[in-house]
Amino acid sequence: MPNTPGAAPATLPPFFTYQNGRLMAEGLALDALARQHGTPLFVYSKAAILAALGAYQRGLAGRAHQICYAMKANSTLAILQTLVRAGCGLDIVSGGELERALAAGVEPDKIIFSGVGKTRSEMHRALDVGIGCFNVESRAELDVLDEVAQSMNLRAPVSVRVNPNVDAKTHPYISTGLKGNKFGIAHEDVVATYRHAGACAGLRVVGIDCHIGSQITEAEPYLDAMDRILDLVETIEAAGIPIAHIDFGGGLGIDYNGDSPPEADALWQRLLQKLDARGYGDRKIFVEPGRSLVGNAGVCVTEVLYLKPGEQKNFLIVDAAMNDLPRPAMYQAFHQIVPLSPRENAPTTWDVVGPVCESGDWLGRDRALAVQAGDFLAVLSAGAYCMSMASNYNTRGRAAEILVDGETATVIRARESATDQLRFESLLP
């Protein structure tokens with residue numbers, strides 16, 4: 001398979017296979033979908049999503065728990081609906097995500113509202129529909145939520161997000177549990193914050209929350225964070241404030257480039273053993289996976305437009321770009337790139353780039369690919385933080401999305417047109 005020099009060979013995610021020289025998503029050929037629906041095109045495997053969720057469900061079987069999908073990873077309505085129908089709640093970080101969550105059919109009391117900058121109007125709407133919990137990230141936010149809830153003659157269910165100063169060993173942009181990060185309340189200030197929350201007439205303490213980052217590929221940061229959280233639970237309850245649930249966040253990584261994160265069920269076996277050993281096995285557990293449920297379930301199909309050999313670099317210009325797949329430009333992230341129909345001739349080393357007028361518009365560097373103009377490529381592991389972060393830069397329409405279920409393909413987002421983009425703008429008189 002094509003690969004980057006020095007990198008692990010491309011490994012196809014589950015439910016994506018080559019059959020008779022064509023890359024398939026479950027029972028459908030991706031090249032046929034590309035010709036029918038155009039490119040760039042996001043294609044997701046429903047079976048892959050449900051299989052990833054199944055690992056969490058197995059790992060937490062027999063325990064009081066709620067899995068709340070972190071919808072910022074991919075907030076397309078049909079993806080949310082698929083997970084909600086399979087028993088998931090949803091973790092939101094904005095008022096817009098709240099409306100998406102409700103539109104997807106989730107029960108409001110299975111919604112957790114995270115994020116450092118909740119507005120009064122967002123709090124009001126969330127209280128009005130009756131969400132399950134606010135994960136509060138600062139003392140100032142706690143006071144505003146108390147004020148809003150009292151104005152509505154309600155008590156807001158709250159959990160304080162702890163910043164445990166644990167290194168998740170991930171990219172600094174997606175690390176959230178260190179003292180230098182904007183998230184959560186410092187470990188040493190947590191007990192005083194709970195005392196304050198317990199004294200607020202508009203608040204009802206229901207849990208404690210911790211989320212240390214994203215794309216975590218080792219178990220040890222989770223185990224370390226759990227110890228610190230359980231130490232706090234012991235101290236908080238000794239102060240007379242009961243903690244009904246413990247929220248361990250999400251952040252488990254996926255295989256982008258030979259990564260080997262623990263399987264969710266194996267990780268939770270270790271975490272539950274520690275929870276039991278510390279005497280907290282009876283508590284309800286909340287988890288908020290995002291990337292690990294959808295990341296490897298999606299690919300972005302793109303057409304090769306031009307081959308542009310050069311003295312220092314060979315450029316393979318495709319019709320997908322940084323507005324479709326922001327992760328390489330934003331995080332220098334790696335995605336495997338493979339042909340839909342591999343050719344037999346010797347590969348050339350290319351930088352795979354898009355049409356956007358930025359030198360940062362690249363999808364993969366130094367990729368060995370045997371291709372011609374008109375060929376289709378698949379950017380793998382594109383189910384998370386791609387479409388949800390897509391933009392209209394260069395007035396490019398966002399891509400269409402397809403959900404594959406066996407041999408059935410459903411368009412779950414139509415391709416965006418220039419007319420769609422212009423409809424909220426007005427010319428001057």
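In this predicted model, residues 24 or more positions apart account for 70% of the contacts with a separation of 6 or more. The chain forms 12 helices and 21 strands.

The C-alpha trace spans about 70 × 65 × 40 Å along its principal axes. Buried residues make up 55% of the 429 residues. The protein exposes about 17,900 Å², and carbon and sulfur atoms supply 50% of that area. There are 38 positive and 49 negative side chains, and the centres of the two sets lie 1 Å apart.

In soluble globular proteins, nonpolar side chains tend to be buried together. Here the largest nonpolar core has 104 residues, of which Tyr 69, Phe 134 and Ile 208 touch the most other members. Helix H8, residues 220-238, gives the most to this core, with nine residues. Beyond its neighbours within four places in sequence, Ile 208 has a list of contacts that includes Tyr 194, Ile 229, Leu 232, Val 233 and Ile 236. Ser 159, His 245 and Asp 247 are also among the contacts of Ile 208. A second, separate core has 19 residues, including Phe 16, Ala 25, Val 299 and Leu 340.

The loop between strand E19 (376-379) and strand E20 (400-405) holds Tyr 385. Tyr 385 counts as buried because its relative accessibility is 12%, under the 20% cut-off. Neighbours within four places in sequence aside, Tyr 385 is in contact with Lys 72, Ala 73, Ser 214, Arg 291, Pro 326 and Arg 327. Between Tyr 385 and Val 136 there are 24 Å from C-alpha to C-alpha, and the two are 249 residues apart in sequence.

Asn 394 is found in the loop between E19 and E20 as well. Asn 394 and Glu 26 each have a positive phi without being glycine. Glu 26 sits in the loop between strand E2 (22-25) and strand E3 (28-29). The table sets out their values.

| Residue | Phi | Relative accessible area |
|---|---|---|
| Glu 26 | near 50 degrees | 16%, buried |
| Asn 394 | about 65 degrees | 36%, partly exposed |

One further backbone feature concerns a proline. A cis peptide bond joins Thr 39 and Pro 40, with omega about -5 degrees. Pro 40 belongs to the loop between helix H1 (30-37) and strand E4 (41-45).

Terms used
Residues numbered from 1 in each chain as written. Predicted model: local features only at pLDDT ≥ 70, side-chain atom pairs only at ≥ 80, totals over all residues. Heavy atoms only, no water. Helix = DSSP H or I, 4+ residues; strand = E, 2+ residues; numbered from the N terminus. Buried < 20%, exposed > 50% of the residue type's maximum accessible area, 1.4 Å probe, protein only. Contact = heavy atoms within 4.5 Å. Areas by Shrake-Rupley, 256 points an atom, 1.4 Å probe, with all protein chains shown as cover. Lys, Arg positive; Asp, Glu negative; His and termini not counted. Charge placed at Lys NZ, Arg CZ, Asp CG, Glu CD. Core = buried A, V, L, I, M, F, W, Y, C linked by side-chain atoms within 4.5 Å.
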